Amino acid sequence: MLLRVPDVFTPAQATACREALERADWVDGRVTAGHQSARAKHNLQLAEDHPLARQWGETVLQALSRNGLFHAAALPLKIFPPLFNCYREGGNFGVHVDNAIRDVRGTSHRVRTDLSATLFLSEPDSYDGGELVVEDNYGTHAVKLPAGHLVLYPASSLHRVNTVTRGARMASFFWIQSLVRDDGERTLLFDLDQAITRLGHDTPNHPALVSLTGTYHNLLRRWADA
Ligand code: NI
């Protein structure tokens with residue numbers, strides 16, 4: 001499933017984050033790349049232990065904790081501490097697949113990367129190129145969202161970032177280990193959840209709501225590895 005999650009950051013938060021990052025010292029993005037993807041990666045990144053990465057990463061996590069659509073779609077068990085990157089003119093990331101397991105630096109924690117997420121921080125008209133291009137069973141999707149909006153996509157997909165030819169593209173990116181490992185099962189749960197929500201909105205006293213909600217939880221109980 002490829003899903004757009006709007007308004008994770010308010011425009012003011014996105015601007016404040018971008019302004020803070022503009023003054024930061026960046027390092028070569030290959031510091032967190034695996035063997036194969038290091039050859040394809042041409043961008044800048046904030047060091048994982050950079051105070052701004054910690055501070056704004058925490059702000060991203062707080063914003064996600066309030067976001068119902070994100071929770072319904074990702075069913076997060078663990079979220080990798082958000083990282084930040086910047087593609088300036090000529091920057092790009094060739095086609096690659098994300099590492100399956102990520103060690104959380106300075107801890108004994110690991111995250112299995114079921115889902116990848118990109119939170120766009122730059123307004124689309126402030127740079128040319130820089131689309132995130134994701135290949136899934138249904139084809140190739142180019143994603144370029146307003147500042148503050150997020151895209152969720154299966155970490156198992158082949159993806160790339162097109163060359164930025166003008167301006168700078170800043171984003172936060174991270175991975176999610178989901179309660180439900182399988183993308184197809186997670187997508188079914190999300191579709192059911194959204195249908196129940198719509199039904200509850202339109203006909204709040206419909207007796208089928210209880211049994212549908214029960215079915216949702218029984219499927220989640222069957223598939224989740226909490
Ligand atoms: Ni990637």
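How many nonpolar, polar and charged residues are found in the lining of the largest cavity? The lining has 12 nonpolar, 10 polar and 5 charged residues. The legends below refer to a predicted model.

**Figure 1. The largest cavity and its lining.** The structure has 1 cavity of 30 Å³ or more, and the volume of the largest cavity is about 280 Å³. Its lining is made up of 27 residues. Nearest the centre of the cavity lie Phe 93, His 96, Asp 98, His 159 and Phe 173. Two or more lining residues come from each of the elements β6 (83-87), β7, β10 (115-120), β14 and β15 (169-178). Strand β15 gives the largest share, with 5 residues.

Figure 2. Three side chains are shown around the metal: His 96 (NE2), Asp 98 (OD) and His 159 (NE2) are the protein donors of the nickel ion, and they lie 2.1 Å from it. Along the chain, these donors follow the spacing H-x1-D-x60-H. Asp 98 is placed in the loop between β7 (92-96) and β8 (101-103), while His 159 belongs to strand β14 (residues 158-161), so the pair ties together parts that are 61 residues apart in sequence. Asp 98 has a relative accessible area of 14% and is buried. His 159, at 2% relative accessibility, also counts as buried. The donors His 96, Asp 98 and His 159 are also among the residues nearest the centre of the largest cavity.

**Figure 3. An aromatic pair between Phe 9 and Trp 56.** The structure holds 3 aromatic pairs, one of which is formed by Phe 9 and Trp 56. A pair of aromatic rings is described by the distance of the centres and the angle of the planes. For Phe 9 and Trp 56, the distance is 6.1 Å centre to centre and the angle between the planes is 65 degrees, an edge-to-face arrangement. The pair links distant parts of the chain, 47 residues apart: Phe 9 is in the loop between β1 (3-5) and α1 (11-22), and Trp 56 is in helix α3 (residues 51-65). Phe 9 counts as buried, at 1% relative accessibility. Trp 56 is buried as well, with a relative accessible area of 10%.

**Figure 4. The ring cluster of Phe 80, Phe 173 and Trp 175.** Ring pairs join Phe 80, Phe 173 and Trp 175 into a cluster. Over the ring of Trp 175 sits the charged end of Arg 102, 4.1 Å from the ring centre.

**Figure 5. A charged end over the ring of Tyr 127.** The residue placed over this ring is Lys 144. Its charged end sits 4.2 Å from the centre of the Tyr 127 ring.

**Figure 6. Positive phi values at Asp 7 and Leu 75.** Most residues other than glycine have a negative phi. Asp 7, however, has a positive phi near 55 degrees, and Leu 75 has a positive phi near 45 degrees. Asp 7 is located in the loop between β1 and α1. Leu 75 is located in the loop between α4 (68-74) and β5. Asp 7 counts as exposed, at 54% relative accessibility, whereas Leu 75 counts as buried, at 8%.

Figure 7. Pro 82 is placed in the loop between β5 (76-79) and β6. At a relative accessibility of 4%, Pro 82 counts as buried. From Pro 82 to Ser 37, the separation is 45 residues in sequence and 19 Å in space, C-alpha to C-alpha. Gly 130 lies in the loop between β10 and β11 (132-136). The relative accessibility of Gly 130 is 0%, and this residue counts as buried. Gly 130 and Val 143 are separated by 13 residues in sequence and by 8.9 Å in space, C-alpha to C-alpha.

Note on methods
Residues numbered from 1 in each chain as written. Predicted model: local features only at pLDDT ≥ 70, side-chain atom pairs only at ≥ 80, totals over all residues. Heavy atoms only, no water. Donors = N, O, S within 2.8 Å, 3.2 Å for Na, K, Ca; no water. Helix = DSSP H or I, 4+ residues; strand = E, 2+ residues; numbered from the N terminus. Buried < 20%, exposed > 50% of the residue type's maximum accessible area, 1.4 Å probe, protein only. 1 Å grid on protein atoms, 1.4 Å probe; cavity = no way out; pocket = protein on both sides within 12 Å on 5 of 7 lines; lining within 4 Å. Points joined across faces, edges and corners; volume = space filled by probe spheres on them. Nonpolar A, V, L, I, M, F, W, Y, C, P; charged D, E, K, R; others polar. Phe/Tyr/Trp six-rings, centres within 6.5 Å; stacked < 30°, edge-to-face > 60°. Lys NZ or Arg CZ within 6 Å of the ring centre and 35° of its normal.
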